[in-house]
Amino acid sequence: MKSLSLVAIAAALASASLAQAAPLVTLDRNGAWVSIQAYGPNIVHVSIAADKAEALKAPGYGIIAEHADASAFKHSAGADGDTFASAGMTLHVDPAPAPRVPTMGQKYFAPSLAPVGLQVKNAKGETVLRMNGWEMSPQTVNTEKTYQVGASFAAPADEHYYGMGQNQESLGPLDLRGRTIDCAHWYDAPAGETVCVPFMVSSKSYGIVWDNASATRFVAGINGRTMFQSKVGERVSFFVITGDKPDALYSGYARLTGKTPIPPKAAFGLIQSKARYDSQESLLTVAKTYREKKYPLDVMVLDWFYWTRMGQMDINPAEFPDPDGMNKQLHDMGMQSIISIWPRFETAGRYFNELDTKGYLLKDKEGKSVDGLPFRSDRTGGLIDPTNPAARAWFWEKARDNILSHGFDYPWLDETEPDLVPDGFFYSIGSGDRYHNLFPLMHVEGVAQNLRAWKPSKRVLILSRAAYLGSQRTGALFWSSDIQPTWEALTRQVPSGLNMTASGIAYWGNDIGGWQKLSPTTQATKAPLLDPSDARDVVGQYHDYPELFTRWFQYGTFLPTLRVHGDRKGAELWAFGRAAETILADYDRLRYRLIPYLYSSAKGTYDTGAPFMRPLWMDFGGDANVANIGNQYMFGPAFLVAPVTEQGQTQKDVYLPAGADWYNYWTNEKFSGGQWIKVAAPIQQIPVFVKAGSIVPVGADVQSTVGKQAIAAIHVYPGKDGEFALYDDDGSSYDYEKGKGATTTTLRWDDAKQTLSASGGDKALAGSAAKLVKVIGK
């Protein structure tokens, strides 16, 4: 009965996501059907097709269709077309052009589709978007007669484009303008895995959510136009969100695709992983060493091949004889655990035949389960089909009963792009080409929903390697896949992460130090800044790797999640030599002192949908100089971070945005905004600045987030009035969703009076806040 109930729950949730409210109106433009729906006063859904039934279909996966709400809009029609207006935006659809005899050129070269033009204005009446055309080009894909579908939009010369998921091609520039992005999950992308989250945000204060899960090409501002083109579809479907500021766009995105929950507080501490801890003893030894050295740590991770066979869904008793006892020891040390669970099943494993018989695996066109891929000889096994509710329920029950029930706190769902590329094959709902980008949402959300049902008072946390529209609602932490342990890979992480968070995926990080095996030799042209001589058993002749790891960890300290990982002999803070260890330990402690600040920022993301790791254009859009800066960013409302990503670098040019004064975090020296400055960056420091008017609560030193962390100090950076909402709760339950068990202490700085006041929330803190204040520069 339990299995059936889980299947029923999964099926109901899937069908609910595809529910459809009645459109505002459906317009006939000489055979092009245009359906208009609203999702609040600043969001419209546009669906265009040659077949009216297709135009009227519900939005695709990832969209919360029951959030449709057209109550704010009024429709008016006239000779100039149809207008849909609210206080937040205006959408105008041009009238059908008058019938005329086509010219010879139009007969042979023009598309046969009826033209559709539309414009979107913001609340101020300014035109922010013009759609110039749409396409449906017939083709056969994976035995299906279908179309390539797309739409093109005007691209003003001063417009900048961001988002569209994770693309690791850039070495610094952030703006997508002038680039063609393949928005398709691709593990083997040359620069690092690509992840498609088809949400584009424009500097003109609007966003487009492209509603198509097939492989999509995004052309950004080339030859005067911006285009979306998807491989499979029978209509053009997209959402337009408007807002006066970027945060309004993310609030709209959250309404459309789901809120970003607050992760358990442990997610903000250090997460220690390695490929792999090969025994219970080795994992516990690392955990105990962290405690002996008094280096803060919250989570130990058990990566792959703890099982006896791929898809066996078991724990090898020879290597992990007592996983329950192991987890109890971790819990007694104030730590939690994450374990990797894969979605592939070897043919010789105990479950393959059952899954094959039940139709729970990815199929080929003959209906046979796919076993590996011929062009990837290192891959084997069948892929679970998460589009099948029964398969999702089956996977969850085996993961729960065979693995998680042994005391593991959270799952790591690896291979969510997935590695077994679905193109040419079939899910239960249709072809892998049609749903190329859908796997991570369906697979991760299936586990997340059941994990919460199993332990309703414990927040979900899942590591996931890929994402799609709506993935932020699952409680997952995302990372940039199996990247190289090189300076180049580190350089690529910064702009990659900023466009990923700009896509509505706030909790992004990467494998600190890179995942792949270390090169046997160095490529460095400068002497290493850290002595590698006492780390030879780990780094070999890669002389500058301790320096690289240290710079990477410094950057990771200012990421939403700080997780060390890598396929090397040692991956812990003491594995790279004594000189590196001292610096790494300092940044580990710094990370924990920042947890009250980070956790409060996480509450802001839950409330607004906006990320707290933010490209500079989000907060300083009035400064034209920040439009294309992708190698520095804001971390919460206070910190500007400029990671060091070059070997041997001891100073860096940093841009301080106009509209604010800035303090060097390390020296407290004050600078005016709107200028480039050269900043010292000795190996102990990366450039970090704090905006004037900022209030930064500093937590007491702790070993983990298990207990309550006191506020040790409140740093104020004067020069402007400031306010900070210091948020806290139990760090693990969902009471915050009901407004229970949480405190928000509002800290206010009056710059004229040079005084800090505190109100609400934690009464004891409010009463003692004035004694904790440290005014920087005084």
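Buried means under 20% relative accessible area, exposed means over 50%, and partly exposed lies in between (1.4 Å probe, protein chains only). This is a predicted model, in which local features need pLDDT of at least 70 and side-chain atom pairs count only at pLDDT 80 or more, while totals for chains, interfaces and linings use all residues. Residues are numbered from 1 along each chain as its sequence is written, and side-chain values use heavy atoms, with hydrogens and water left out.

**Salt bridges**

Side chains of opposite charge can pair when their charged atoms come close. Here a salt bridge is a side-chain nitrogen of Lys or Arg within 4 Å of a carboxyl oxygen of Asp or Glu. The structure holds 42 of them.

| Glutamate 54 | Lysine 57 | 3.2 Å |

Take glutamate 54 and lysine 57. Glutamate 54 is buried, at 15% relative accessibility. Lysine 57 has a relative accessible area of 42%, so it counts as partly exposed.

Helices (H or I, at least four residues) and strands (E, at least two) are DSSP runs, numbered from the N terminus. Aspartate 414 is buried, with a relative accessible area of 5%. Arginine 465 is buried as well, at 3%. Both residues belong to a network of salt bridges that also links Glu193, Glu417, Asp419 and Asp482.

Glutamate 445 is buried, with a relative accessible area of 15%. Arginine 473 is partly exposed, at 21%.

**A helix pair**

The axes of helix α13 (residues 578-593) and helix α14 (residues 595-608) come within 5 Å and cross at roughly 50°. Axes are lines fitted to C-alpha atoms, for helices over the stretch in contact, and angles run from 0 to 180 degrees between N-to-C directions. The two helices are therefore oblique to each other. Angles under 35 degrees count as roughly parallel, over 145 as roughly antiparallel, 65 to 115 as roughly perpendicular and the rest as oblique. Arg591, Tyr592 and Arg593 of α13 make the contact with Ile595, Pro596 and Leu598 of α14 (heavy atoms within 4.5 Å).
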